[in-house]
Structure formats: C-alpha cells, structure tokens
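Thanks for letting me look this one over. My notes are below, as numbered points.

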Amino acid sequence: MSGAAQGIGLFGAMRIQAQVIGALVIREMHTRYGRENIGYVWLFIEPMILAAAIGLLHSLSGHGLPGGLPTFAFYVVGYTPFYLLRAVLNRAAGSVVQNAPLFYHSRVTVTDVVVARSLLEGAAVMVAMAVFITGIGIVTGEWPHDWVLMALGVVSLLALCHGAALIILSLTVLGEQNVERIVHPYTYLSIPMSGAFVMVWWLPYELHWWATIYPTVHSFEMTRAGYFGPVVPYHYDVPYLLASIVILNVLGLLALRVARPHLEA
Amino acid sequence: MLELRGIHKVFETQGRRKHVLRGVDCQFRRGDSVAILGRNGAGKSTLVRIISGAEHPTRGEVVRRMSVSWPLGFSGATHSALSGADNVRFVARIYGCPVQRTLDFVREFSELGDDMRMPVRTYSAGMSARLSFAMSLAVDFDCYLVDEVVAAGDSRFAERCRQALLERRGRSTLLLVSHQPDLVRTFCTSAATLHDGKLTFHEDLDQALATYHAL
C-alpha cells in the first residue's frame with residue numbers, strides 16, 4: 001500500500017493527520033499503561049483518587065461553602081479538571097525528548113504528538129468526571145444541571161492548556177531548560193488564581209474584574225455552572241474565553257514554528 | 001519526485017556553530033537509485049534525516065511529492081518499550097495500511113515469530129534491524145532511505161533485503177548511504193559525494209567512487 005502524498009488536497013491531508021493522531025493516542029496508551037488488562041483503567045483512576053481524597057478531606061472537615069453547595073461535589077468538580085491542567089502542562093516539556101523515535105516518521109509532527117497527548121488526558125478526565133457524577137448522583141440523588149455546559153467547560157480548559165503546552169514545549173526546545181522547573185511549581189502556586197476551588201462571587205465586588213483576567217477561571221465557572229445549576233451566581237464570559245484559547249494556541253503554533261529548526265531527532 | 005532547495009543545516013551546541021550542510025540543491029526522481037558517499041562527519045546522516053523529515057533544515061526547503069521512508073539502518077525509529085507487533089501496528093496506522101496484513105508481512109519477512117510479542121528493548125541489534133526493515137517494506141514507500149542497514153542481520157536476511165530492494169528498483173527510489181563500494185555497485189546506478197556541506201552528483205559510479213576515495 002503506497003504512502004504517496006501527491007495531489008491529495010486539504011481533506012486528504014486532514015484525513016492523514018487524523019489517522020496519525022489516532023495512532024499516536026493508541027500508542028501513548030500502550031506506552032503509559034501497558035497491555036495488561038487493568039492497565040487502561042489507571043487512565044481515569046489516577047485523577048479520581050486525588051479528587052476523591054480532596055473531596056473527602058474537605059467534606060469531613062465540616063466546613064461549609066458559601067451558597068450551601070455540597071462540599072464533596074464542589075471539590076471533585078474543581079479538582080478533576082484541575083488534574084487535567086496539571087497533567088497537560090507538566091508533561092509538555094518532555095514531549096519531544098520522550099517521543100524522539102516518533103519523529104523519524106515524516107508524517108508525525110510535533111503538533112500531532114501534543115494534540116494526541118491532550119486528547120488522551122482530556123478523555124481520561126472526562127471519564128473520571130462521568131464516573132464521579134454517576135456515583136454522586138446514585139448516592140445523593142443530585143445530578144448535573146446541564147452536562148453539556150460542564151463538558152464545554154472541561155473542553156475549553158483543555159484547549160487553553162494545549163496552547164500553553166505548545167508554548168512550554170517550544171521554549172524547552174529552544175534551549176530553555178529551566179522552563180520545566182518553573183512550570184511544575186507554577187501549577188501548584190497558581191491554584192488560587194486558577195479558579196479551581198474559589199468562586200468569583202465569593203470575592204468582594206471590586207475584585208471580580210481582576211479575578212476573571214486569568215482565563216481558566218472562566219472554564220471552571222462554566223463547569224460549576226453546568227453541574228450545580230442556577231443556585232449561585234457564576235462569572236464567566238464565553239467570548240473572552242474563546243479569544244484566550246485562540247490567542248494561546250496561535251502563539252503556541254508560532255512558537256513551535258520558531259523552534260522547529262532546533263528540533264534534533 | 002523529491003527536491004531539496006538550498007538546504008543549510010547549522011548545529012549550535014555550547015556556543016560553537018557547526019555548518020554541516022551548506023546549500024544542497026538536488027532532485028531525485030522516481031526510480032533513481034543513488035548512493036551518497038562521504039567521509040565520516042560529512043553530514044550524510046544529517047542529510048538523510050532532513051530528507052526523511054525527521055529533522056528540519058536551518059534554511060531551505062524539502063519538497064516531497066512522494067512518500068519517503070524513515071531512515072533505515074538504526075533502531076531509532078522503534079519504541080523500545082512496545083512490543084515488535086505494537087510497533088508494527090503503530091506504523092501501519094500512521095501510514096494508513098491494513099493492520100493485520102502488515103503484521104503478517106512483517107512477521108514473515110523478519111522471521112521474528114513469537115518474538116514479535118516481546119518488547120523491542122529485548123531485541124538484538126540484528127532483530128531490531130530486521131523489524132525496522134520489514135516494516136518499511138510492508139508500507140511500500142516510493143523512496144527508501146537506507147543508512148547501511150544491510151550490514152546488520154545475518155547473511156540470509158541480507159540476501160532477502162537485497163532481493164527486496166532489487167525487486168523494487170525502477171518503481172521505487174533508493175538513496176543509500178554507504179562506505180562499501182560493492183554495496184554501492186549492487187544497488188545504485190549513480191552516486192553523489194557529500195563534501196564541505198555540498199552534494200556533487202556523478203553520473204558514473206566509478207568516477208564517484210574514485211572521487212570519494214580521493215577526498
């Protein structure tokens with residue numbers, strides 16, 4: 001079967017890229033989780049363990065939340081997407097080095113690898129979220145108000161992180177070894193700013209504008225709005241979120257372009 | 001058709017710049033079988049990696065109007081943690097080949113048998129080379145880049161590689177990087193020497209080999 005690239009046009013090229021990304025996702029799963037039967041399950045159990053632990057800790061500590069939101073659900077709905085943020089950003093820097101053999105194939109580009117990783121992490125987190133929602137629903141009878149909005153919240157967070165991952169990767173390739181060392185603590189230190197565990201409406205009114213500058217806040221607010229419904233006020237702005245996603249991803253792709261001649265297979 | 005236009009490659013490590021390729025311009029047509037000769041360190045492997053797309057030039061562009069294999073000859077293209085079979089599946093999926101058919105072909109050509117299920121890191125150099133080569137033949141590229149892989153593997157495998165490459169002569173392009181004149185004579189109809197970062201073509205194989213030895 002010939003792999004000829006002549007005259008296939010835009011749709012042909014997109015089909016090939018989809019094929020490559022699909023193959024990369026499968027490969028990433030095999031590499032990270034092995035071929036043993038239980039292996040794939042770790043894909044979504046990993047985020048769940050921490051989310052459940054944090055949720056339990058907070059609900060057992062007895063402190064309530066403004067608006068009377070259920071504690072366990074709040075922390076789970078906050079932590080699970082946050083896990084996605086941490087996973088995508090922390091793995092970004094090593095994307096090229098860890099996957100060096102892949103780039104020998106001319107069809108596999110760095111963008112493909114980063115997209116495949118993002119998709120895999122995104123899918124894992126969404127399955128984890130679904131399992132939690134179902135569990136909470138069965139036990140407490142509380143179900144999400146608008147699961148589509150929830151899904152959009154997670155997807156928008158993924159898109160933001162993907163753009164950031166491209167930038168981080170490009171900087172690392174350009175020789176900035178310290179980027180990785182900054183990213184790891186940053187993902188922890190930025191927790192308050194990220195909006196994962198703090199709702200904008202808790203803050204004094206004067207701070208609302210400042211709080212919503214950081215793009216991930218909008219994603220988390222959307223996810224919470226999707227789960228809890230109109231029982232408390234939410235602050236998210238879809239155009240701002242979309243603009244942030246576009247800007248980050250465009251910057252990421254540009255950065256990758258600059259870094260490309262320095263990619264040494 | 002594969003074209004290289006004004007290819008420059010500069011490596012910068014620890015403040016020192018190494019200008020390895022200084023303006024390579026050439027065209028390879030379907031059916032060409034060209035040997036690339038040059039001293040160690042001349043930049044042959046770099047050139048091959050740039051042609052394959054594994055590396056990008058500092059300046060210039062590569063125009064590929066035919067499918068190009070990955071550089072055959074070292075195990076860099078396989079993932080050592082995955083099994084041989086999983087590597088084959090991955091390659092089949094990337095290039096849009098039917099997975100089972102590719103697996104069967106590779107199992108048969110490489111004669112790896114049950115070892116296909118073992119992770120590639122447990123393979124010997126010969127086994128890795130057989131896997132890599134068999135995979136590339138299964139995909140049936142328009143252009144094969146060979147970096148002296150036929151040296152690895154026992155004589156029986158080398159013979160099968162020879163047969164396979166010769167069988168593809170005329171419909172596939174072959175770029176062979178080698179130091180061995182007899183290999184060059186077997187597979188190639190013309191040769192180019194890489195010297196001082198520039199590629200010079202010679203129509204006559206003997207002339208090319210003589211030039212290479214004189215370098």
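**Notes on cavities, a helix pair and the interface**

1. Lining the largest cavity are A:Arg32, A:Ala87, A:Val88, A:Arg91, A:Ala92, A:Ser95, A:Val114, A:Arg117, A:Ser118, A:Glu121 and A:Ala165. Helix H3 (71-92) and helix H5 (110-140) of chain A are the elements that each give two or more residues to this lining. By class it has five nonpolar, two polar and four charged residues. A cavity here is a set of points on a 1 Å grid over the protein atoms alone where a 1.4 Å probe fits but cannot get out, and lining residues have an atom within 4 Å of a point.

2. This is a predicted model, with local features needing pLDDT of at least 70 and side-chain atom pairs pLDDT 80 or more, while totals for chains, interfaces and linings use all residues. Residues are numbered from 1 along each chain as its sequence is written, chains are lettered from A in the order written, and side-chain values use heavy atoms, without hydrogens and water.

3. In chain A, the axes of helix H2 (residues 42-60) and H3(A) come within 8 Å and cross at roughly 145° (lines fitted to C-alpha atoms over the stretch in contact, with angles from 0 to 180 degrees between N-to-C directions). Among the residues making the contact are A:Leu50 and A:Ile54 of H2(A) and A:Phe72 and A:Tyr79 of H3(A). The contact residues comprise eleven nonpolar, five polar and two charged.

4. Between the chains, 35 residues of chain B touch 28 of chain A (heavy atoms within 4.5 Å). The buried area is about 2,800 Å², 59% of it from carbon and sulfur atoms (accessible area, 1.4 Å probe, lost on putting the two parts together, summed over both). B:Phe90, B:Arg93 and B:Ile94 supply 21% of what chain B buries against chain A, more than any other three residues.

Notes: On a 1 Å grid over the protein atoms alone, a cavity is a set of points where a 1.4 Å probe fits but cannot get out, and a pocket is an open set with protein on both sides within 12 Å along at least five of seven lines; lining residues have an atom within 4 Å of a point. Helices (H or I, at least four residues) and strands (E, at least two) are DSSP runs, numbered from the N terminus. Ala, Val, Leu, Ile, Met, Phe, Trp, Tyr, Cys and Pro count as nonpolar, Asp, Glu, Lys and Arg as charged, and the others, Gly among them, as polar.
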